[in-house]
Structure formats: C-alpha cells, structure tokens
Amino acid sequence: ISTVLLIHCIAKYMRWLSGEGVPAHEKREIERSRDYLAEVERVLKYLVECLRQNGHDVSSFTIQDLSNEIAGEVYLYFLETKKFSPAYFNKNVIILTSFVSWVKEELGYDIRNWFERIKKKEVHYHPEMISEEEFEAMMKLVKENKGIRKYEEGRKRIGNLYRNWLPNGFR
C-alpha cells in the first residue's frame, strides 16, 4: 500500500472540486461557487493548523496518519481554540468528512473516516416574529425612501436603515 501526503490529497481535492481533471461524464452541470470553494479551503487549512498546533509535522503527515486521536484533536480545536458556534462546527465537520470520503472513493485508499465519529452539535434557532404592522412599516421604509429616516429632536437627525439584503430577504 502506497502512502500519500495529506497536503497532496488536499490539493487534489481542491482541484477536483474546481472541476480540474474531472472526466466529462462526472463533471457537474453547475460549477461550485467561489464562496463554496473558499469555505472548503478554509476548513482544510483549519485541519492543517490543528495538526501543526498539536505538534504534527504536516510536511510528512500522510492521509493514513488520520486517526481517532486526530479527530479528537480537531474536535477540541474547533470547540476550544476556534470557539465555533454549533452550526459552524457541524459545517466544518461535514466538510472534513466529505474530504476523507472523497479520498477513499476517488483515490482508492483503504482508510477509516474518523471524522464521521464526531457527534454533531445541537443547533438552536431562535427566529423572532414581527407583527404584520411592523412588517408593513419596514417594507414602506424600504420602498419609499431607501431606508432614510428623519428623527425627532434629541436624536441624530438622519439615519440610514436600508440594508442591501433586506428586499431579497423578504422575497
């Protein structure tokens, strides 16, 4: 069994996600966005940072060196060092799991995906409801004056309440 460096696997994965060297029958109809590719690259950099922080020599670290202990180090790195929110923690773990699954499937390495063992954090969403009157008043502001509001005396005279994402958020 040959060994391959983790950093080489990361480079191959990023090229594959970008569509480089992917056979025509396996190419995606819609290319992945730059934002998505940047996010995956950022997560893989976190993995490399975690390995360095824990004393591993990344220049000689192979894909076969990934272990349950490494998954534990990544777990603590995301929670304690990076202090990720539950949703962002889960997103990062999913990306790492997808990466190792790709290495197993595409490169044919017989390795365990230790990141699958990391339990996802429970995410609590707290959406706030606004009344119909508040909604209509907000839409009126957005439509009529692009969010410019004049205040009474004692407060700042003009405030810009417009947010460029606001109209899209209500569609």
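**Aromatic rings and their surroundings**

Reader: Is phenylalanine 84 buried or exposed?

Author: In this predicted model, phenylalanine 84 has a relative accessible area of 13%. Buried means under 20% relative accessible area, exposed over 50% and partly exposed in between, with a 1.4 Å probe and protein chains only. Because 13% is under that 20% limit, phenylalanine 84 is buried.

Reader: Which pLDDT do local features need?

Author: Residues are numbered from 1 along each chain as its sequence is written, and side-chain values use heavy atoms, without hydrogens and water. As the model is predicted, side-chain atom pairs count only at pLDDT 80 or more, totals for chains, interfaces and linings use all residues, and local features need pLDDT of at least 70.

Reader: How many aromatic pairs are there, and are the planes of tryptophan 16 and tryptophan 102 stacked, tilted or edge-to-face?

Author: Rings of Phe, Tyr and Trp (its six-membered ring) pair if their centres lie within 6.5 Å; planes under 30 degrees apart are stacked, over 60 edge-to-face and the rest tilted. The count is 11 aromatic pairs. The ring centres of tryptophan 16 and tryptophan 102 are 5.7 Å apart and their planes stand at 45°, so this pair is tilted.

Reader: How many residues apart in the chain are these two tryptophans?

Author: Helices are DSSP runs (H or I, at least four residues), numbered from the N terminus. Tryptophan 16 belongs to helix α1 and tryptophan 102 to helix α4, so the pair links distant parts of the chain, and the separation is 86 residues.
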